[in-house]
Amino acid sequence: MLWLQLRASEWVLIGFFAYIVVISPFFPERPNLGLQPLFILIGVLAFLLLLAYLEQARLLQPIGIVRDFVPLGMTLLAFREMELFLPLQYDYRFEAIWIRWDRLLLDSWHLRALIELTGKSFPFYLELSYLLVYGLPFYCVGMIYVWGNRRLCDRFLVIYLAGTLTAYALFPYFPSQPPRIAFPNVDVPGVTTFIRGFNLAILRAATIHVGVFPSAHVSSAFSAAWGMFVVLPHRKWAGWALVFYAVSVSLATIYGRYHYAADVLGGFAVSLVAGAVALLIPPLGNPNLESKTGAVVDNQGSRHVVP
């Protein structure tokens, strides 16, 4: 049956969109919901089944490559769908608690002053780290391709999507605004760079406003790191490099006032839970997927030449 040809990462996507359909009736005060989540689920399911059919029927390798990247594009759809849970108003009960912890961290413990000791250098690096999160999963899949491990893309995507989509799934329960909006004159960065201006422009144009807890920037960055540890165990430096990068993103979200410290802790916790669960899920990808060098790679990274 066709649904048996769906990959594990595609089932994660379907599970997320189905979850949104299930919880929607429990948020009657969110006026934008309606039947839109159901229509989105039907569209996603139909599109994924179509890709599975085309890969099995006639276009094995080209469609297989497309399927490696489609889940990454669908995270944007999932992100935008969360705006349907936009509340009529915010009561700021979460933000009032979270801002106290931030003031302790940034002021009493001098985190902002330490970051600004280097002038513009470290703040520039942090803002750049925040910006590059959007391309991180594509970079990771690209590394898997370059090192001849394309068959392992699905396992990586399961871990990455689990961490990213779980963060999205929690947004409706914590309606909140980021500190740069809720408290525009509190703990603002003392250093401004052109990268910060670019980040703010992106957020004004494309972000959602339903909530900021937990931080999906943080959960996705750490989940990408855990994923690389799993799929490339013989290149652990790649995983450790991404852990360092994820820590940088965490600092950037707090310093730049994109998130509260509580959001960062929540995002990290989500990545740990998602990574632990994902390790227990066997990859369901097509076992006949080949690397571009013509070799099939097993889960341990061993290469077998395809006749």
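User: Is L35 buried or exposed in this model?
Analyst: Keep in mind that this is a predicted model. L35 lies in the loop between α1 (8–23) and α2 (36–57). The cut-off for exposed is over 50% relative accessible area. L35 has 56% relative accessibility, so L35 counts as exposed.

User: Which residues form a nonpolar patch on the surface, and what is their accessible area together?
Analyst: L35 is one of the patch residues, along with L38, F39 and I42. Taken together, these residues have an accessible area of about 410 Å².

User: How far apart are the end C-alpha atoms of helix α6, and what span should its residues give?
Analyst: Helix α6 runs over residues 121–132, which is twelve residues. At 1.5 Å a residue they should span 16 Å, and that agrees with the distance between the end C-alpha atoms, 17 Å.

User: What covers the buried residues of α6?
Analyst: The buried residues in α6 are P123, L126, E127, S129, Y130 and L131. Their cover includes α5 (111–115), α10 (194–206), α11 (216–231) and α12 (236–255).

User: Is R257 buried or exposed?
Analyst: R257 sits in the loop between α12 and α13 (261–278). Buried means under 20% relative accessible area. R257 has 2%, so R257 is buried.

User: Which backbone oxygen does the side chain of R257 reach?
Analyst: Leaving out residues up to four places away in sequence, R257 touches a set of residues including I99, D102, R180 and D187. As for the backbone oxygen, the R257 side chain gets there at 2.8 Å, and the residue is I254.

Technical notes:
Residues numbered from 1 in each chain as written. Predicted model: local features only at pLDDT ≥ 70, side-chain atom pairs only at ≥ 80, totals over all residues. Heavy atoms only, no water. Patch = residues over 30% accessible without salt bridge, like charges linked within 9 Å, V, L, I, M, F, W, Y side chains within 5 Å. Areas by Shrake-Rupley, 256 points an atom, 1.4 Å probe, with all protein chains shown as cover. Salt bridge = Lys/Arg side-chain N within 4 Å of Asp/Glu carboxyl O. Helix = DSSP H or I, 4+ residues; strand = E, 2+ residues; numbered from the N terminus. Buried < 20%, exposed > 50% of the residue type's maximum accessible area, 1.4 Å probe, protein only. Expected span 1.5 Å × (residues − 1). Contact = heavy atoms within 4.5 Å. Polar contact = N/O pair within 3.5 Å; in protein donor to acceptor, adjacent residues only side chain to side chain.
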